[in-house]
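Here is a short briefing to read alongside the model. Keep the viewer open and follow the topics one by one.

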Amino acid sequence: MTIIRDQQKRIYIDHAATTPPDPVVIDAMLPYFTQYWQNPSSIYVEAQATRKAIDQSRNKIADLIGAQPNEIIFTSGGTESNTLALRGVIAASQIPDKHIISSAAEHHAILDTLEQIELENLADVSILQVDRLGKINPSDVKKSIKNNTVLVTIMHANNEVGTVNDIAKIAHAIREVNPKTLFHTDAVQSMAHLGANIRELDVDLLTFTGHKMYGPRGAGCLYVRNGTPLQAQILGGGQEERRRAGTEDTAAIVGLAKALELTIERREADIAHEQKLQNLLLSKLPMSIPFSGATGSLKNTERLPGHASFVIGFVEGESILVALDLAGFAASSGSACTTGSIEPSHVLLGMGIPEDLARGSLRFSFGRNNSEKDVHDLLKTLPGIVQKLRSLSPLNNASLPPDWDEWLRN
Ligand SMILES: Cc1ncc(COP(=O)(O)O)c(C=O)c1O
């Protein structure tokens, strides 16, 4: 077990991996551990209180995103919601020779599920390339839609480079070509910052999760537009109107609804604060470290608030993270789920970043509790770490393609 000494000041800049639960959220959840822990499907009075809390949470979430209560399915998180969306739509579709469209920058919860769907011969999958910022071009989606395209799944915002896709425009492109094609978006990263007005986004299915917005882990939601055929993937007790079986986690559901409510209340202030820190780091880091550059878009309108990602030449991102950890900073190289793997990120490769450069990826994601001082402390610490690691590293520009530094002039 690793013990973090109390006197060591830790700076957490990995909010895209997960966020600390808000004390108000924890307070809202506590009675459902201590007092109202009964099974919501039981008939006695305490159980009815848990059922009521679930219904109220469902109504609240529906209200906050512009949906109907029966369009909300509670799940265990983003991964399960994505799986239910993809597999549930494919299983319910009557179309022979089904086709799905997605993008090269999706989270593994989407890409690995699609790979398995293909292996099981359930559908053909087309993966669209993203541009150098990690963005999907709506006209590429439009061109790829066929008569048998059952589903398009494109993420709202990317977890590694923070790039935001124009979901409403993609929806419009899909509807123009094939109104029968369903559209799902993974809004796990965007929900806290951009929110989701279901009607404006015009999606049929949307995934979000509690732990990226100061709520509990293990609490997620899949919005499913009324009338969308969907087959349950977990069978049993018939909960969630027979779309997702299993005794509901009342505390998690209450926490999810509270977290979303608070996030919306605080959004304006959060965004202003997070963009200030993000912009500071995005502008200063490449100037303080030679052969480094930002990945993704530098425009606030195209990037998740609080998100700053980089590639650092001639050094492994993972080595930098270990050194940063020792110096008191908790950060990431990109997706938390691939941390620990020595493979360069599929997202960065999909954006065309040379493989050796992609190995030096770093992601810093700021939240409510960060300050400008955290950014300055990072900027004081990181250049020395990089310099030291470079002096030990076998990587150098000989292994890179001739135009590699194009990427550092973002
Ligand atoms: C874009 C995206 N989709 C899905 C997930 C998986 O969500 P969860 O951890 O709630 O299963 C993540 C988690 O990092 C993510 O960033």
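**Helices and sheets at a glance**

Helix α7 (residues 167-177) lies across β5 (149-153) and β6 (182-186), running at about 160° to β6. Contact here means heavy atoms within 4.5 Å. Helices (H or I, at least four residues) and strands (E, at least two) are DSSP runs, numbered from the N terminus. Axes are lines fitted to C-alpha atoms, for helices over the stretch in contact, and angles run from 0 to 180 degrees between N-to-C directions.

This is a predicted model, in which local features need pLDDT of at least 70 and side-chain atom pairs count only at pLDDT 80 or more, while totals for chains, interfaces and linings use all residues. Residues are numbered from 1 along each chain as its sequence is written, and side-chain values use heavy atoms, with hydrogens and water left out.

**The seven-stranded sheet**

- Seven strands make an open sheet with mixed pairing, in the order β2-β8-β7-β6-β5-β3-β4; two strands pair if DSSP finds at least two bridges between them.
- The edges are β2 (72-75) and β4 (124-128), and each has a single partner strand, so one side of each is left without a neighbour in the sheet.
- On average, neighbouring strands of this sheet are turned by 20° against each other, direction ignored.
- Strand β7 (residues 205-209) and strand β8 (residues 220-224) run antiparallel and are joined by five bridges.
- Within that pair, Leu205 has Val224 of β8 as its bridge partner.
- Helix α11 lies across β2, β7 and β8, and runs at about 100° to β7.

**The three-stranded sheet**

- A second open sheet has three strands in the order β9-β10-β12, with antiparallel pairing.
- Here β9 (292-295) and β12 (361-365) are the edge strands, each with a single partner strand, so one side of each is left without a neighbour in the sheet.
- Neighbouring strands of this sheet are turned by 30° against each other on average, direction ignored.
- β9 pairs with β10 over four antiparallel bridges, and Thr295 has Ser309 in β10 as its bridge partner.
- On the other pairing, five bridges join β10 (residues 307-312) to β12, again antiparallel.
- Ser309 stands opposite Arg363 in β12, and Val311 stands opposite Ser361 in β12.
- Helix α12 (residues 317-326) lies across β10 and β12, at about 45° to β12.

**Helix packing around α11**

- Helix α3 (residues 45-65) packs with helix α11 (residues 250-288) at an angle of about 30°, and their axes are 9 Å apart.
- That makes α3 roughly parallel to α11, a term for angles under 35 degrees.
- α3 passes α11 in a left-handed crossing, meaning that the near helix is turned anticlockwise from the far one by less than a right angle.
- The α3 side of the contact includes Thr50, Ala53, Ile54 and Ser57, and the α11 side includes Thr250, Ile253, Val254 and Leu256.
- By class, this contact of α3 with α11 has 11 nonpolar, three polar and three charged residues; Ala, Val, Leu, Ile, Met, Phe, Trp, Tyr, Cys and Pro count as nonpolar, Asp, Glu, Lys and Arg as charged, and the others, Gly among them, as polar.
- α11 also packs with helix α15 (residues 372-392), at an angle of about 15° and with axes 10 Å apart.
- That makes α11 roughly parallel to α15.
- α11 passes α15 in a right-handed crossing, the clockwise case.
- Among the residues that meet are Leu277, Leu280 and Leu281 in α11 and Val375, Leu378 and Leu379 in α15.
- The residues of the contact of α11 with α15 divide into nine nonpolar, two polar and three charged.

**Two positive phi values**

- Most residues other than glycine have a negative phi.
- Asp97 has a positive phi of about 50° although it is not a glycine, and its place is in the loop between α4 (78-92) and β3 (99-103).
- Asp97 is exposed (over 50%), with a relative accessible area of 65%.
- Asp202, in the loop between α9 (198-201) and β7, has a positive phi near 55°.

Notes: Angles under 35 degrees count as roughly parallel, over 145 as roughly antiparallel, 65 to 115 as roughly perpendicular and the rest as oblique. Buried means under 20% relative accessible area, exposed over 50%, partly exposed in between (1.4 Å probe, protein chains only).
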